[in-house]
Amino acid sequence: MTSQRRGIHLDQSELLCKKGCGFYGNTAWHGLCSKCWREENQRERQKQIQEDWALAERLQREEEEAYASRHQRTQSQPSITPFNKSEERKPKEKSSKVNTVTKFFIPSTNPPPKKDASFDTQSSPSPSSSRSPQSSVDTDNATREFIDFLKPLKSGKEIFKQCRAFTESMIYKRDMGAEELSECVQDFYQNLSERLQTQFKGSSDQVESIMDEVEKYMMTHLYKEAFCPETTDDEKKDLAIQKRIRDLHWVTIEMLCVPVDEDIPEVSDSVVKAITDVIEMDSKSVPKAKLACITRCSKHIFNAIKVSKKEAASADDFLPTLIYIVLKANPPRLHSNMQYITQFCNPSRLMTGEDGYYFTNLCCAVAFIEKLDGQSLNLSSEEFELYMSGQASPHWPPSAEASSSSAALSQVHKRLDLLNGLEERQERVMEKARQLESDLIDWTDEVEQKVQRALESFPVDTQNPSATSVSGANSAASSAIDSDNVESELLPPPLQPQVFAG
């Protein structure tokens, strides 16, 4: 190949936040970490709110000026009295319209009915009654486990009260978009984490364990509303990624430069486990559990590389192998799962630690797959398009270990080609035989027609009996010529052989 290979290389600095805060970034947040993304998003929202308020105030001033102008014209025309009551209602209509514009930019503040904050599970939100039986069982189990975890804590009831009230309020706001729901959940995480850090000073591990349980409780209840909501195009993107991965089924280990030898049983077993883990991610309902599947998958990948290379794996080896695993697994609803983790996971887990590192690499792998081209695989654009369309498939030179099997396959292909040639020859012979049969039938019909025409042209005449008798007498006379020859009796007898004694 004359083209220079771009390869699959990712510097570790590219995984970090573009703001330079030291946390892991995310492609869904344009390379920012969750903290910087929320700050940037809040600034944008604040700017938008200010612009909206300025627009609302301008509309209000224009409406007041228009009303004042109409009021002056009404006073200058006292004869028009029937419309006084209507004019008196206009200030109320004006204030109602202004309030409507103002409320458009303020989130809904209609909370559900407040309930007693205790560990009594009977006060669960009513919308959960419309869930499926399996979903109800999961939410009930999550509630009991959360209560059991909070019982030893001094402020356990207060934490449960806040989490349950927030969860109920989110369930009631069914018309809320995914981004708004994510903002509310992330704000709640941040506020609760700050309060817990103030309460449990110097015990960050305990705060993290509490936040893990809070996330499990809340997202088990909000899973139906938060995962792949109908207001987004997540399902469409899921199908697009699945089709893209199916179209790339021809990509091989050699093309990606994956340092894995699947002929080794332990390596093959690790690859299968990695594929199973990344597929299992879709069956989990809590972001932490989904991240755990990604982490297990990544550890199996590192083990496969280590066994194959007989040395520790590097980051340059990990990313191509992760791409290969994703291509082989084609995980269901991959985009929706990544969005769900990005929007509703505890932000501290995505910014630091091995979970955040592995998840960031998975996002990079998916982005690479979406933008994969021929240069990345050391192929020309023509070859890449042929492989993608299925008109051709790559043929790699066999390895030394597979030479015998390749020779056998070559012989099989030769035999198959020979059989195909014989089959074609047989088809040609059969075609000629069918043509000859048709020609013979046509010739027979033609001969019969000619004979029939000759018979019709020269009919046979009927002979009389007298002619027949004369001809019979002539033939009898000719046959008796020899028998009436009397001179034959005068002929000498035939000579007889004689024996002479000498």
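Trainee: What's up with the length of α6?
Mentor: α6 has 23 residues, but its end C-alpha atoms are only 28 Å apart. A straight helix would reach 33 Å at 1.5 Å a residue. That expected span is 1.5 Å times one less than the number of residues. Helices here are DSSP runs of H or I, at least four residues, numbered from the N terminus.

Trainee: Where does α6 bend?
Mentor: At T220, by about 45°. The bend is the angle between axes fitted to the seven residues ending there and the seven starting there. Just after α6, C228 takes a positive phi of about 45°.

Trainee: Before we go on, what kind of model is this?
Mentor: This is a predicted model: local features need pLDDT of at least 70, side-chain atom pairs count only at pLDDT 80 or more, and totals for chains, interfaces and linings use all residues. Residues are numbered from 1 along each chain as its sequence is written, and side-chain values use heavy atoms, leaving out hydrogens and water.

Trainee: How many helices and strands are there?
Mentor: The chain has 17 helices and 0 strands.

Trainee: New topic. How many aromatic pairs are there?
Mentor: A search of the whole structure finds 15. Rings of Phe, Tyr and Trp (its six-membered ring) pair if their centres lie within 6.5 Å; planes under 30 degrees apart are stacked, over 60 edge-to-face, the rest tilted.

Trainee: Why is the pair Y223 and Y340 edge-to-face?
Mentor: The ring planes of Y223 and Y340 sit at 85°, with centres 5.5 Å apart, so the pair is edge-to-face. The pair links distant parts of the chain: Y223 is in α6 and Y340 in α12, 117 residues apart. Y223, F227, Y340 and F344 form one aromatic cluster.

Trainee: Is Y340 buried or exposed?
Mentor: Y340 is buried, at 1% relative accessibility. Buried means under 20% relative accessible area, exposed over 50%, partly exposed in between (1.4 Å probe, protein chains only).

Trainee: And which residues have the most contacts inside the largest nonpolar core?
Mentor: L248, W250, V251, I325 and L377, in a core of 53 residues. A nonpolar core is a set of buried Ala, Val, Leu, Ile, Met, Phe, Trp, Tyr and Cys residues joined through side-chain atoms within 4.5 Å. Apart from it lies another core, of 30 residues, among them F160 and M218.

Trainee: What does L248 touch?
Mentor: Leaving aside neighbours within four places in sequence, L248 is in contact (heavy atoms within 4.5 Å) with L327, I369, L372, F384 and M388.

Conventions. Helix = DSSP H or I, 4+ residues; strand = E, 2+ residues; numbered from the N terminus.
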